[in-house]
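Biologist: I'd like to learn how to read helix packing and a hairpin. Can you walk me through it with an example?

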Amino acid sequence: MIHGLKLFDDRERQFWVLHTGGWVGFALIYYLGSFLHDMRSIWLFVILLNAYAGWLITIPLRYVFRKLWRLQTWQMILAALVCSYLVGVIWAVIKNINYWEIYKHGYRPDEWIFYFSNSVNSFLVIVCWSVLYFGIKYYQLLQQEKQNALKASTMAHQAHLKMLRYQLNPHFLFNTLNAISTLVLIKENDTANAMVSRLSDFLRYSLDKDPIKKVPLEQEIQAIEMYLDIEKVRFEDRLTVSWDVAGEACEALVPSLILQPIIENAIKYAIAKTEQGGQISISAKAFGRDLLIEVTDNGPGADISNGQLQRHGGVGLSNIRERLQSLYGSNFSFVIAHNAPSGVKVSIRIPYQVGQDANQD
């Protein structure tokens, strides 16, 4: 089966298979139509000779039609008809020679013009061959254009996702490097070194993961824990994190680093805004065919309207929505709401996928 697919992926082989198959089909139809005419072996031999002659003289048409392909449509059609007629006349002469010299045992007609008899029928057969050739050629061209368009769309899709992912990292890097700089200024070098080490581990993970591909939620949690280790150096006891992740949710596939900007946003506007700090809660569970993820904080809250956070200057949360839309189309939800009794709740719903399911997107 695979060998057959490779055969038809090669246009050169495809031509010879279709070309030969077409003329074999012509000989078979010619033979079946001769049941009421003559079933002698000599007649079968003539049929095979005629089919072989047709197979042979239409080969040059392929190379002529390649040249005609560059002409305007009406010019190409007119030139193709002229070429088909000339080849049809030549084929008619060959067929009649076979008929008179082989089948009739050397009997010759009184007029040489009879050698051109049935040239109209021969012309129609060659026209059918030409129509099939151009039809297949146009089909191949259409398929190639579709593949090129799909490839261009895929490349644009991937570039868009990578652009969105790379917009997130500078925002996080700015905060972390600023914190490290502060630690160095106040002479807490050991803490600064520990933070640099954790930052190195987190960046290594984030750069190794292709934003086009999805990762198990379990890996995403490990990345978030590395990120939180960095933030806990900054906030110490002011930052509390709780996890509630169901077992089946750990295997679910999610976009890489999709939660980091949400948690970063909670730290910036909830933990950092209150003197006593606060808590971030992360939960995930499978529900039917969906994966539900929630990130909540108990901070002072925010201005929320129609499920959107009304803040200016941030790109993290808006980029999450764009990434989800690029990956899942309309089959997702991303909602920001007030948390009870205080704070912000971010809810994500995406298709529940594990293992090979992601390859079907």
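This is a predicted model: local features need pLDDT of at least 70, side-chain atom pairs count only at pLDDT 80 or more; totals for chains, interfaces and linings use all residues.

Biologist: Okay, so at what angle do the axes of α8 and α9 cross?

Modeller: The axes of α8 (residues 217-235) and α9 cross at roughly 25° and come within 10 Å. The two helices are therefore roughly parallel to each other. As for handedness, the crossing of α8 and α9 is right-handed.

Biologist: Which residues in α8 meet which in α9?

Modeller: An α-helix has 3.6 residues a turn, so residues three or four places apart point the same way. In this case, α8 brings E220, I224, Y227, L228, E231 and F235, and these meet Q260, I263, E264, I267 and I271 in α9. By class, that contact has seven nonpolar, three charged and one polar residue.

Biologist: And is α9 enclosed or open, and why?

Modeller: For burial, the cut-off is under 20% relative accessible area. Of the 12 residues of α9 (residues 260-271), 10 are buried, so this helix is largely enclosed by the rest of the structure. Among the buried ones are P261, I262, N265, A266 and A270.

Biologist: Now the hairpin. In what sense do β8 and β9 pair?

Modeller: β8 (residues 333-338) and β9 (residues 344-351) pair in the antiparallel sense, over six bridges.

Biologist: What about the turn?

Modeller: There are five residues between the strands, and in this hairpin G343 takes a positive phi near 105°.

Methods:
Residues are numbered from 1 along each chain as its sequence is written. Side-chain values use heavy atoms; hydrogens and water are left out. Two strands pair if DSSP finds at least two bridges between them. Helices (H or I, at least four residues) and strands (E, at least two) are DSSP runs, numbered from the N terminus. Buried means under 20% relative accessible area, exposed over 50%, partly exposed in between (1.4 Å probe, protein chains only). Axes are lines fitted to C-alpha atoms, for helices over the stretch in contact, and angles run from 0 to 180 degrees between N-to-C directions. Angles under 35 degrees count as roughly parallel, over 145 as roughly antiparallel, 65 to 115 as roughly perpendicular and the rest as oblique. A crossing is left-handed if the near helix is turned anticlockwise from the far one by less than a right angle, and right-handed if clockwise. Contact means heavy atoms within 4.5 Å. Ala, Val, Leu, Ile, Met, Phe, Trp, Tyr, Cys and Pro count as nonpolar, Asp, Glu, Lys and Arg as charged, and the others, Gly among them, as polar.
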